Amino acid sequence: MSGLFGALSRASINLFNPRMLWLWSWPILVSAIFWWLIGMFFWTPLSGWLLTVIPVDTLQNWLETSHLQVIADGVETVINLIIFMILTITTSLVITALFTMPALVSFVAKRYYPDLAPMRGGTITGSLRNVLLAIAIFIVIWIATIPLWFTGIGLLGPLLAAAYLNQRLFFYDALCDHADNSELNKLSTMNRPARWSLGFLTGLLQFIPFLNFFAPTLTALAFIHFELARLAQLRRTTN
């Protein structure tokens, strides 16, 4: 657990570095503009479809019978805003993994792991394949858990999806420049509970207002610290 909180604390400190301002801001801005444009043309049919899947009518009826008409009238708007934020943050995570990870890895490696020799066991193809698979399974988890949104365990589905996406999305790219193929394979099977725990902790940030704007870069930095520390430890024990 100390490794998890150490990675998160160092990532939080790094987030205040002036260089991070651009690296965390442009993915979230691009994502927000992209989904805003999509919403202008397709939001009505998409939200209509979602409202047939989500049991909103049941919730609205309960609110109306409870004399909470103002809340009932705003349910659809709130759901639309939540979906917009989720899509924006998720897209920003993918952009971060695809485009800003090299700069983030270089930033962390030079300052914290200058003696960690790069073996470049990863490839661009491997990174792209990892991202596509992570997104596909993330979408499946989300769709499968939509009926649970308005139950007592409604948050568990989105949190599980976020945890999976985080640990799958950033594990490979955090290590691809420094680990060789053998090290990548070993680390992928080692300490999975710890990697999932970091995925859950960073996933929670995506559901906290204001903090969720920093979540993609903070998540990337935390996984870079976590994975490079594991790689350094692996090399110390095998040499």
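Here is a quick tour of the chain shown above, from its overall build to a few single residues.

This is a predicted model, where local features need pLDDT of at least 70, side-chain atom pairs count only at pLDDT 80 or more, and totals for chains, interfaces and linings use all residues. Residues are numbered from 1 along each chain as its sequence is written, and side-chain values use heavy atoms, with hydrogens and water left out.

**Overall build**

- The chain has 9 helices and 0 strands; helices (H or I, at least four residues) and strands (E, at least two) are DSSP runs, numbered from the N terminus.
- Of its 239 residues, 46% count as buried, where buried means under 20% relative accessible area, exposed over 50%, and partly exposed in between (1.4 Å probe, protein chains only).

**The core**

- In the largest nonpolar core there are 54 residues, and those with the most contacts inside it are Met101, Leu104, Leu169, Phe170, Leu175, Ile224 and Leu228.
- A nonpolar core is a set of buried Ala, Val, Leu, Ile, Met, Phe, Trp, Tyr and Cys residues joined through side-chain atoms within 4.5 Å.
- The elements that give two or more residues to this core include helix 4 (69–112) and helix 6 (156–175), while helix 9 gives the most, with 12 residues.

**Helix 5, a two-faced helix**

- Helix 5 (residues 124–145) has 22 residues and reaches 32 Å from its first C-alpha to its last, close to the 32 Å expected at 1.5 Å a residue; the expected span is 1.5 Å times one less than the number of residues.
- Its buried residues are Gly126, Ser127, Asn130, Val131, Ala134, Phe138, Ile141, Trp142 and Thr145.
- They sit on the same side of helix 5, because they cover an arc of only 130 degrees around the axis, taken from the directions from the helix axis to the C-beta atoms.
- On the face turned away from that buried side you'll find the exposed residues Thr125, Arg129, Leu132, Val140, Ile143 and Ala144.

**Salt bridges**

- The count comes to 3 salt bridges, each being a side-chain nitrogen of Lys or Arg within 4 Å of a carboxyl oxygen of Asp or Glu.
- Arg120 and Asp177 meet in one of them (3.7 Å, N to O). Arg120 lies in the loop between helix 4 and helix 5 and Asp177 in the loop between helix 6 and helix 7, so the pair ties together parts that are 57 residues apart in sequence.
- Arg120 is exposed, at 54% relative accessible area, whereas Asp177 is partly exposed at 26%.
- Arg235 and Glu183 form a salt bridge at 2.9 Å, N to O. Arg235 belongs to helix 9 and Glu183 to helix 7, so this pair ties together parts that are 52 residues apart in sequence, and both residues are buried.
- Arg230 pairs with Glu227, with their closest N and O atoms 2.7 Å apart; both lie in helix 9, 3 residues apart, about one turn of the helix.

- Asn191 isn't a glycine, yet it has a positive phi of about 55 degrees. Asn191 is found in the loop between helix 7 (181–189) and helix 8 (192–205).
- Phe210, also not a glycine, has a positive phi near 75 degrees. Phe210 sits in the loop between helix 8 and helix 9 (215–238) and is exposed, with a relative accessible area of 55%.
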